[in-house]
Amino acid sequence: MKLNFKNKVALVTGSSRGIGRAIALNLACEGANVAVNYSSREDLAKEVVREIVSMGQQAIAVCGDNKNYASIQRMIKEIESQFGRIDVLVNNAGQHRGRAIHKLPLEDWDTVLYSHLFGAFYCCREVIPLMLKQGYGRIVNISSVVGTRGWAGDCAYAAAKAGMIGLTKSLAREVATKGINVNAIICGFVRTDMTAGVNEKNIKMIESMIPMNRPAKPSEIAEAVTFLAGAGSYITGASINVDGGMGI
């Protein structure tokens, strides 16, 4: 399988750490130039940039808050000014807040929906015109098995991730004849900073629900994203489970 990333520019939101970092590095390893997005940890984003540059690819760290449309607009303009194009958009950034619905603060609901679903919409809205002008684009939205099967105490996260699947399907129909493919990755349980607070008892319980009996590595999510971004020319509107069988 040949992946085509020569002279391609990828924007990976939330790529200063975790799954996003793994995606950014994997895309760079295959030949893409990368805009490494962060909202607060510029130091970590610059570390990722240095690692990408050491591979021989171009990279920049770009600040952008997914919850703020004006911030996303500024970020996209900065990337366009630097690289002149955006070929791949990976909507990965997002924050997690979970509690029983009657105890979930309203601001936590807003934070989760805005950082995941609104942020993905904002980025797509700003990047699509560039991709239409190019006649080419690949968008990969990072969803979750929580959005397809639900999870007690996670109504906000489930709603946001389910919404990203709907966004994926509708946008894929909208741009299918324009050289732009839009797909989603449905992640299972991945050991990252976001899940670091889960206690070992609950981790064991979650692992018992996974046929492969282990969490995913960030690199395993990155491999699937890289395939959709660099190959998969006849795949659009798809939601691909990378979850060790958890969604079966």
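Helix 1 meets helix 8 through G18, I19, A22, I23, N26 and L27 on its own side, and through P218, S219, I221, A222, E223, V225, T226 and A229 on the side of helix 8. Sorted by class, the residues of this contact are nine nonpolar, four polar and one charged. This is a predicted model, so please read everything below with that in mind.

**Helix 1 with helix 8**
- Helix 1 covers residues 18-29 and helix 8 covers residues 218-230, and their axes lie 8 Å apart.
- The two helices pack at an angle of about 50°, and helix 1 and helix 8 are therefore oblique to each other.
- Seen as a crossing, the pair of helix 1 and helix 8 is right-handed.

**Helix 1 with helix 2**
- Helix 1 also packs with helix 2 (residues 42-54), here at an angle of about 15° and with the axes 9 Å apart.
- Because an angle under 35 degrees counts as roughly parallel, helix 1 and helix 2 are described as roughly parallel to each other.
- Helix 1 passes helix 2 in a right-handed crossing.
- On the helix 1 side the contact uses R21, A24, L25 and A28, while helix 2 brings V48, E51 and I52.
- The contact of helix 1 with helix 2 holds five nonpolar and two charged residues, with no polar ones.

**Helix 4 with helix 6**
- The axes of helix 4 and helix 6 come within 8 Å and cross at roughly 15°.
- Helix 4 and helix 6 are therefore roughly parallel to each other, and their crossing is right-handed.
- From helix 4, the contact is made by W109, V112, L113, H116, L117, A120, F121, C124 and I128.
- From helix 6, the partners are C155, A156, Y157, A159, A160, K161, G163, M164, L167, L171 and V175.
- By class, the contact of helix 4 with helix 6 has 17 nonpolar, two polar and one charged residues.

**Helix 6 and its surroundings**
- Helix 6 runs over residues 155-175, which makes 21 residues.
- From its first C-alpha to its last, helix 6 reaches 30 Å, close to the 30 Å expected at 1.5 Å a residue.
- Its buried residues are A156, Y157, A158, A160, K161, M164, I165, L167, T168, L171, A172 and V175.
- Among the helices, the buried residues of helix 6 pack against helix 4 (106-134) and helix 5 (146-149).
- Among the strands, the buried residues of helix 6 pack against strand 4 (88-91), strand 5 (137-144), strand 6 (180-187) and strand 7 (239-242).

**Single residues worth a look**
- E207 belongs to helix 7 (residues 200-207).
- The relative accessibility of E207 is 12%, so E207 counts as buried.
- Leaving aside neighbours within four places in sequence, E207 is in contact with N213, R214 and P215.
- N213, one of those contacts of E207, is found in the loop between helix 7 and helix 8.
- The phi of N213 is positive, about 60°, although N213 is not a glycine.
- N7 likewise has a positive phi, near 60°, in a residue other than glycine.
- N7 is found in the segment before strand 1 (9-12), and at 57% relative accessibility it counts as exposed.

Key: Residues numbered from 1 in each chain as written. Predicted model: local features only at pLDDT ≥ 70, side-chain atom pairs only at ≥ 80, totals over all residues. Heavy atoms only, no water. Axes fitted to C-alpha atoms, helices over the stretch in contact; angles between N-to-C directions. Helix = DSSP H or I, 4+ residues; strand = E, 2+ residues; numbered from the N terminus. Parallel < 35°, antiparallel > 145°, perpendicular 65-115°, else oblique. Left-handed = near helix turned anticlockwise from the far one by under 90°. Contact = heavy atoms within 4.5 Å. Nonpolar A, V, L, I, M, F, W, Y, C, P; charged D, E, K, R; others polar. Expected span 1.5 Å × (residues − 1). Buried < 20%, exposed > 50% of the residue type's maximum accessible area, 1.4 Å probe, protein only.
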